[in-house]
Amino acid sequence: MIDIQGLTYTYPASETPALNGIDLTVPEGQLCAVIGANGAGKSTLCYAIAGFVPHFYNGTLTGRVTVAGRDVVATPLAELAGEIGLVFANPFNQITGARFTVREEVAFGLENLGVPRDDMLARVDAALALVGLAGLGDRSPYALSGGQQQRVALASVIVMRPRVLVLDEPTSQLDPVGTREVFETLAGLAQAGGTTVVLVEHKPEWIAVHADRVVVLSAGRVVLDGPPAEVLAAPELSGYGLAPTRYTQAARLAVGRGLAPGDRPLPVTLEQAAPFFTDRVSP
Ligand SMILES: Nc1ncnc2c1ncn2[C@@H]1O[C@H](COP(=O)(O)OP(=O)(O)O)[C@@H](O)[C@H]1O
Ligand SMILES: [Mg+2]
């Protein structure tokens, strides 16, 4: 669904490339988490998949980005928007400012597509319910908390039913309950709906449970790529400025102190940690 070959991109007036030789193929229906330290290129990768790079940011791009069969560089942004939904890191960038209520805000993109009114209202209410905002449809988007605005931004993209959903830190302002709801929503869209999801996130415990795959970026390159159980337990992770899950940390400490045998894969989830600590524990 997403096919990136040899992508190198440099922002205008910048010396060093923000993305440097990225090869990445994401099949339909996969939930692919992207992690990396500050400045690693995560946001830029989101922009490149959604076409904001190079259509909005210009700069110098080499290589090829194909999404849903379309060459992103050759396809106008408006045409890509029908297939690819991008949720920005800061919800202020998403909220149009042109609408008075949350419901109107979420309906904005559908209005532009000319979706019939009854159909539109049903889709908007379904999207609001999906992100846990049912009942807030009549509020002003500006009378909401940061976390609620983040959910409005997500709803306004989900309502368009994109085949590819790209999310840049969509839970940064959410509490643990909100974070769990967003992850469950995204996993549901990927599993049941076949939506391809690229998710930039910092919360390894949630990635470990819900992602099909984890890609680690460092200085514009893919440095690790694999299933969560492999990537999140990799000893190199901290060298890229990233923390493993609390379960991996505890298990690594236990092995280091000789409290647990070191011949088994380290757990990345609670479900894996429980047997790790109870099977064959040292006396
Ligand atoms: N608009 C911009 N103009 C010039 N350089 C930028 C711009 N946005 C980001 N960069 C640079 O590109 C690199 C990758 O940034 P970014 O994709 O935002 O990383 P991340 O999202 O992983 O923190 C960084 O070195 C950053 O300074
Ligand atoms: Mg970023």
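Mentor: Start with Asp23. Leaving aside residues up to four places away in sequence, Asp23 touches Ile4, Gln5, Gly6 and Val222. Keep in mind that this is a predicted model.

Trainee: Which element does Asp23 lie in?

Mentor: Strand E2.

Trainee: How far is Asp23 from Gly114 in space?

Mentor: The C-alpha atoms are 37 Å apart. In sequence, Asp23 and Gly114 are separated by 91 residues.

Trainee: New topic, helices. How do H4 and H5 cross?

Mentor: H4 covers residues 102-113 and H5 covers 117-130. Their axes come within 9 Å and cross at roughly 120°.

Trainee: Why do we call that oblique?

Mentor: Angles from 65 to 115 degrees count as roughly perpendicular, and only those over 145 as roughly antiparallel. The crossing is at roughly 120°, so H4 and H5 are oblique to each other.

Trainee: Left-handed or right-handed?

Mentor: The H4 and H5 crossing is right-handed.

Trainee: Which residues meet there?

Mentor: From H4, Val102, Arg103, Val106, Ala107, Leu110 and Glu111. They meet Met120, Leu121, Arg123, Val124, Asp125 and Leu128 of H5. By class, that contact between H4 and H5 has eight nonpolar residues, four charged and no polar.

Trainee: What about the spacing along a helix?

Mentor: An α-helix has 3.6 residues a turn, so residues three or four places apart point the same way.

Trainee: Switching to aromatics. How many pairs are there?

Mentor: The structure holds nine aromatic pairs. One of them joins Tyr11 and Tyr57. That pair is edge-to-face, with 5.6 Å centre to centre and 90° between the planes.

Trainee: Where do Tyr11 and Tyr57 sit in the chain?

Mentor: In distant parts, 46 residues apart. Tyr11 is in the loop between strand E1 (2-10) and strand E2 (19-26). Tyr57 is in the loop between helix H2 (52-55) and strand E4 (60-67).

Trainee: How accessible is Tyr11? And Tyr57?

Mentor: Tyr11 has a relative accessible area of 24%, which makes Tyr11 partly exposed. Tyr57 is at 28% and also counts as partly exposed.

Trainee: Which residues form the aromatic cluster?

Mentor: Tyr9, Tyr11, Tyr47, Phe52, Phe56, Tyr57 and Phe88 form one cluster.

Trainee: What comes just after H1?

Mentor: Gly51, with a positive phi of about 90°.

Trainee: Exposed or buried?

Mentor: Asn58 counts as partly exposed, at 46% relative accessibility. Ala219 is at 59% and counts as exposed.

Trainee: Last one. Which peptide bond is cis?

Mentor: The bond from Val53 to Pro54, with omega near 5°. Pro54 lies in helix H2.

Note on methods: Residues numbered from 1 in each chain as written. Chains lettered and ligands numbered in written order. Predicted model: local features only at pLDDT ≥ 70, side-chain atom pairs only at ≥ 80, totals over all residues. Heavy atoms only, no water. Axes fitted to C-alpha atoms, helices over the stretch in contact; angles between N-to-C directions. Helix = DSSP H or I, 4+ residues; strand = E, 2+ residues; numbered from the N terminus. Parallel < 35°, antiparallel > 145°, perpendicular 65-115°, else oblique. Left-handed = near helix turned anticlockwise from the far one by under 90°. Contact = heavy atoms within 4.5 Å. Nonpolar A, V, L, I, M, F, W, Y, C, P; charged D, E, K, R; others polar. Phe/Tyr/Trp six-rings, centres within 6.5 Å; stacked < 30°, edge-to-face > 60°. Buried < 20%, exposed > 50% of the residue type's maximum accessible area, 1.4 Å probe, protein only.
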